[in-house]
Amino acid sequence: MSYNLLANKKGIIFGALDPASIAWKIALKAKAEGADFTLTNTAVALRFGQLDDLAEQCNAKIIPADATDIADIEKLLQESMDHLGGKLDFILHAIGMSPNVRKKKGYTDLNYNFLNKTIDISALSLHKLLQTALKMDAVNQGGSILALSYIAAQRTFPDYGDMADAKATLESIVRNFGYHYGKHNQVRVNAVSQSPTPTTAGTGVNRFDKFLTFAQELSPLGNANAESCADYCVTLFSDLTRMVTMQTLYHDGGYSAMGMTPELLDLIHDTLQSQQNKG
Ligand SMILES: NC(=O)c1ccc[n+]([C@@H]2O[C@H](COP(=O)([O-])OP(=O)(O)OC[C@H]3O[C@@H](n4cnc5c(N)ncnc54)[C@H](O)[C@@H]3O)[C@@H](O)[C@H]2O)c1
């Protein structure tokens, strides 16, 4: 069902790689809600991903950009405004990549060149985007900029490696830049902290399938999928949430507020006891 929540709104969507991407679902939902936007990703992702299909479905122009490169961001913002016919109302930052996680380098054996890349791509790119957009006055008053995060920014998830530090930095940028952008031009900046979701980035994390099962069992509503994340994100681009800014908003079926469930408690206890009995 569509509510026309984003009628007359213009935006940019970063991070759609293939139909499993959270950004892919958000683009389809934003289109259904009446938005016009450009799509962007790195040149490599454009070569190996499937963005052309999405662009056709959304009638959207693709503009390549590396989100760590200021010149690319400037070009993306300018070309998007030229193409869409004015300043922007929303931007989705759905970008994450850790060479350490990809190469299975754990948190106590980090390669620091890789760590710099992780932080640059997954966190500082948001600051670069916000700072460039502010300087270019590219976003309308009341506009909404949204990044995607994960609860490892706030709690320890050992397998998430250096992405935990990147997400903690990302959420800090959301709060700190959110202040400045709000004061300057009433622009809102938020992060949605999403359930584990089977995407290219998600499944790169060690023990991802087990993460998914554990979160599914712990959350009273179960895991939030990418499509429900898209529903939530369009409300955050809309005027209905015009006073929400500088927040990390959990979209996780209740996971972040849980401690334990009786079922998991029994399962862990019984498994450990049976192991002890065998030993
Ligand atoms: N999948 C999950 O379990 C999960 C959970 C919470 C949050 N998130 C976050 O959601 C966001 C989207 O990830 P996803 O899970 O849909 O995976 P995905 O792999 O589909 O998307 C990640 C995107 O980042 C892009 N990217 C990487 N380097 C880039 C760069 N230098 N410039 C521009 N784009 C670049 C990739 O090309 C890709 O499109 C990420 O921020 C991720 O951390 C994912």
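Two residues are in contact if their C-beta atoms, placed from the backbone, lie within 7 Å. This rule is applied below to a predicted model.

Is leucine 39 buried or exposed? A residue is buried if 20 or more other C-beta atoms lie within 10 Å of its own. Leucine 39 has 25 such atoms within 10 Å, so leucine 39 is buried. Residues up to four places away in sequence are set aside when its contacts are listed. With those left out, leucine 39 touches Ile13, Ala16, Ala27, Leu51, Leu54, Ala55, Ala60 and Ile62. Serine 193 is 154 residues from leucine 39 along the chain. The C-alpha atoms of leucine 39 and serine 193 are separated by 22 Å.

The chain as a whole comes next. It contains 11 helices and six strands. Its radius of gyration is 19 Å, close to the 19 Å that the globule rule gives for 279 residues, so the chain is as compact as a globular protein of that length. Taken along the principal axes, the C-alpha atoms fill a box of roughly 70 × 45 × 40 Å. Of the 279 residues, 42% count as buried.

Helix H1 covers residues 22–32. This helix is mostly covered, with nine of its 11 residues buried. The buried residues are Ile22, Ala23, Trp24, Lys25, Ile26, Ala27, Lys29, Ala30 and Lys31. One of them, Ala27, is among the residues that leucine 39 touches. Just after H1, glycine 34 takes a positive phi of about 100°.

Two packed helices are described by the angle between their axes and the distance between the axes. The crossing of H1 past H10 is right-handed. From H1, the contact uses Ile22, Lys25, Ile26, Lys29 and Ala30. An α-helix has 3.6 residues a turn, so residues three or four places apart point the same way. From H10, the partners are Ala226, Glu227, Cys229, Ala230, Asp231, Cys233, Val234 and Phe237. The residues of this contact divide into nine nonpolar, no polar and four charged.

The next pair is H6 with H7. H6 runs over residues 112–135, and H7 over residues 163–185. How are H6 and H7 placed relative to each other? Their axes come within 8 Å and cross at roughly 10°. Angles under 35 degrees count as roughly parallel. H6 and H7 are therefore roughly parallel to each other. On H6, the contact residues are Thr118, Ile119, Ser122, Ala123, Leu126, His127, Leu130 and Leu134. On H7, they are Met163, Asp165, Ala166, Thr169, Leu170, Ile173, Phe177, Tyr181 and His184. By class, the contact of H6 with H7 has 11 nonpolar residues, five polar and one charged.

H6 also meets H4. H4 spans residues 70–84. The axes of H4 and H6 come within 10 Å and cross at roughly 50°. H4 and H6 are therefore oblique to each other. Their crossing is right-handed. Ile70, Ile73, Glu74 and Leu77 of H4 make the contact with Lys128, Leu129, Thr132 and Ala133 of H6. Five of the residues in this contact are nonpolar, one is polar and two are charged.

Two asparagines show a backbone feature of interest. Phi of asparagine 8 is near 70°, a positive value in a residue other than glycine. Asparagine 8 lies in the segment before strand E1 (10–14). It is exposed, with 10 other C-beta atoms within 10 Å. Phi of asparagine 59 is near 50°, again positive in a residue other than glycine. Asparagine 59 lies in the loop between helix H3 (51–58) and helix H4. With 9 C-beta neighbours inside 10 Å, asparagine 59 counts as exposed.

Terms used: Residues are numbered from 1 along each chain as its sequence is written. This is a predicted model: local features need pLDDT of at least 70, side-chain atom pairs count only at pLDDT 80 or more; totals for chains, interfaces and linings use all residues. Axes are lines fitted to C-alpha atoms, for helices over the stretch in contact, and angles run from 0 to 180 degrees between N-to-C directions. Helices (H or I, at least four residues) and strands (E, at least two) are DSSP runs, numbered from the N terminus. A crossing is left-handed if the near helix is turned anticlockwise from the far one by less than a right angle, and right-handed if clockwise. Ala, Val, Leu, Ile, Met, Phe, Trp, Tyr, Cys and Pro count as nonpolar, Asp, Glu, Lys and Arg as charged, and the others, Gly among them, as polar. The radius of gyration is taken over C-alpha atoms; the globule rule is 2.2 Å times the number of residues to the power 0.38. A residue is buried if 20 or more other C-beta atoms lie within 10 Å of its own, exposed if 12 or fewer, and partly exposed in between; C-beta atoms are placed from the backbone. Angles under 35 degrees count as roughly parallel, over 145 as roughly antiparallel, 65 to 115 as roughly perpendicular and the rest as oblique.
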